[in-house]
Amino acid sequence: MKLVIAAPANGVELKNALKTHLQHDPRVTGLVDLSSPDGTYPQLSFAAAQEVAAGRADRAILICGTGVGTAIAANKVRGIRAATAHDLLTLRGSVENYNAQVLCMGQNVIAAPAAWALVNIWLDLRHDTSSGYAPKVGEIEAFERGV
């Protein structure tokens, strides 16, 4: 899986902790860090989401203070579904039900070991196209296309 990761200044510590794990994970075939010291959370979120939308990455992980700002910004990119998740139920639902390609987390909300435990699970999650949620994801995609 090709991943993009990014964080503004208020998410760098958690981003670096996750990046260390991801660089050694055999499920990750490519990892691009788009972070920059002066990057704002909207700039970094747009850039990461655009990589996913263009097919240059399969998924992205965005870290800010709470994970909310990065999710809001990433969701402005057409075709992207970003979700903030700090617990197992939300994490699983974000991918299995809603086919979210972008995981957002908050450095001020979750400790690095707990974040890695969730990301470790997230890497194996897949959208269930046979679930009752799949048609609803289709509704979202149709709305976005203006159909």
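Reader: Which residues are exposed on the other side of H6?

Author: This is a predicted model. Exposed means over 50% relative accessible area. On that side of H6, Glu-139 and Phe-143 are exposed.

Reader: And which residues of H6 are buried?

Author: Buried means under 20% relative accessible area. In H6, Ala-134, Val-137 and Ala-142 are buried. These three lie on the same side of H6, because they cover an arc of only 140° around its axis.

Reader: How far apart are the end C-alpha atoms of H6?

Author: H6 runs through residues 134-145, which makes 12 residues. At 1.5 Å a residue, H6 should span 16 Å. Its end C-alpha atoms are 17 Å apart, so the two values agree.

Reader: What follows H6?

Author: Gly-146 does. Its phi is positive, near 85°.

Reader: Now the chain. How many helices and strands are there?

Author: Count six helices and five strands. Then read their order along the sequence: β-α-β-α-β-α-β-α-β-α-α.

Reader: What is the radius of gyration of the chain?

Author: The chain has 14 Å. A compact globule of 147 residues would be near 15 Å, so the chain agrees with that rule. Along the principal axes, its C-alpha atoms fill a box of roughly 40 × 30 × 30 Å.

Reader: What share of the residues in the chain is buried?

Author: Buried residues make up 44% of the 147. The accessible surface is about 7,300 Å², and 56% of it belongs to carbon and sulfur atoms.

How values were computed. Residues numbered from 1 in each chain as written. Predicted model: local features only at pLDDT ≥ 70, side-chain atom pairs only at ≥ 80, totals over all residues. Heavy atoms only, no water. Helix = DSSP H or I, 4+ residues; strand = E, 2+ residues; numbered from the N terminus. Expected span 1.5 Å × (residues − 1). Buried < 20%, exposed > 50% of the residue type's maximum accessible area, 1.4 Å probe, protein only. Arc of directions from axis to C-beta. Rg over C-alpha atoms; globule rule 2.2 N^0.38 Å. Areas by Shrake-Rupley, 256 points an atom, 1.4 Å probe, with all protein chains shown as cover.
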